[in-house]
Amino acid sequence: MPKAYVFTRNGGPEVEALVEQDTPVPGPGEPLVAVRAAGAKPVDRKRRTGYTRPGSAPQPFPTVLGSEAGEAGGDVADFGLVDGGTLKDARGQIVTEVTA
């Protein structure tokens, strides 16, 4: 069972925990990435303390920390089905996350 570093409610570092979670199921055409390394950014601390942008929904709990996978962040573990089949098999390829 995979592990995730989460916060379980709003607060300081005391609300953080390493927990086991079910393996996520990728949606249609989405890759499932087995993350090897992730970085926490200031936005992770803000989210943990309860900050949300005006009009945003509150965070669900537990919320996974580590908003960027960084260089060589993980390997493709699986793909979601598309029209009854799968996408090109890219399992094992190293990927990084880039967000804007």
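Read along the sequence, the protein chain of this predicted model follows the pattern β-β-β-α-β-β-β. Its secondary structure comes to one helix and six strands. Helices (H or I, at least four residues) and strands (E, at least two) are DSSP runs, numbered from the N terminus. Residues are numbered from 1 along each chain as its sequence is written. Because the model is predicted, local features need pLDDT of at least 70, side-chain atom pairs count only at pLDDT 80 or more, and totals for chains, interfaces and linings use all residues; side-chain values use heavy atoms, with hydrogens and water left out.

Of the 100 residues of the protein chain, 20% count as buried. Here buried means under 20% relative accessible area, exposed means over 50%, and partly exposed lies in between (1.4 Å probe, protein chains only). The protein chain exposes about 7000 Å², and carbon and sulfur atoms supply 55% of that area. Accessible areas come from the Shrake-Rupley method with a 1.4 Å probe; for residues, only the protein chains shown count as cover. Contacts (heavy atoms within 4.5 Å) were also sorted by sequence separation. Among those between residues at least 6 apart in sequence, 60% join residues at least 24 apart.

The strands fall into sheets. Strands of a sheet pair through backbone hydrogen bonds, either parallel or antiparallel. Two strands are taken to pair if DSSP finds at least two bridges between them. Phe7 stands opposite Glu16 in β2.

Another open sheet has three strands in the order β3-β5-β6, again with antiparallel pairing. Its edges are β3 (31–35) and β6 (94–95); each has a single partner strand, so one side of each lacks a neighbour in the sheet. Five bridges join β3 to β5, in antiparallel fashion. Two bridges join β5 (residues 74–79) to β6, also antiparallel. Gly74 has a bridge partner in each neighbouring strand: Val35 pairs with Gly74 of β5, and Val95 of β6 is the bridge partner of Gly74.

The loop between β1 (3–7) and β2 (16–20) holds Gly11. Gly11 touches Arg48 and Thr49, not counting residues up to four places away in sequence. Gly11 and Arg47 are 36 residues apart in sequence, and their C-alpha atoms are 9.4 Å apart in space.

Arg48 itself lies in helix α1. Arg48 is buried, with a relative accessible area of 10%. Leaving aside residues up to four places away in sequence, Arg48 touches Phe7, Arg9, Asn10, Gly11, Gly12, Pro13, Val15 and Glu16.

Met1 is in the segment before β1. At 64% relative accessibility, Met1 counts as exposed. With residues up to four places away in sequence not counted, Met1 touches Glu20, Gln21 and Asp22. The C-alpha atoms of Met1 and Asp22 are separated by 6.3 Å, although the two residues are 21 apart along the chain.

A cis peptide bond joins Phe61 and Pro62, with omega about -5°. Most peptide bonds are trans. Pro62 is placed in the loop between α1 (42–49) and β4.

The second largest pocket has a volume of about 200 Å³. Of the 10 residues that line this pocket, the closest to its centre are Val43, Arg47, Tyr51, Thr52 and Arg53. By class, its lining has three nonpolar, four polar and three charged residues. Ala, Val, Leu, Ile, Met, Phe, Trp, Tyr, Cys and Pro count as nonpolar, Asp, Glu, Lys and Arg as charged, and the others, Gly among them, as polar. On a 1 Å grid over the protein atoms alone, a pocket is an open set of points with protein on both sides within 12 Å along at least five of seven lines; lining residues have an atom within 4 Å of a point. Grid points are joined across faces, edges and corners, and a volume is the space filled by probe spheres set on the points.

Conventions. 1 Å grid on protein atoms, 1.4 Å probe; cavity = no way out; pocket = protein on both sides within 12 Å on 5 of 7 lines; lining within 4 Å.
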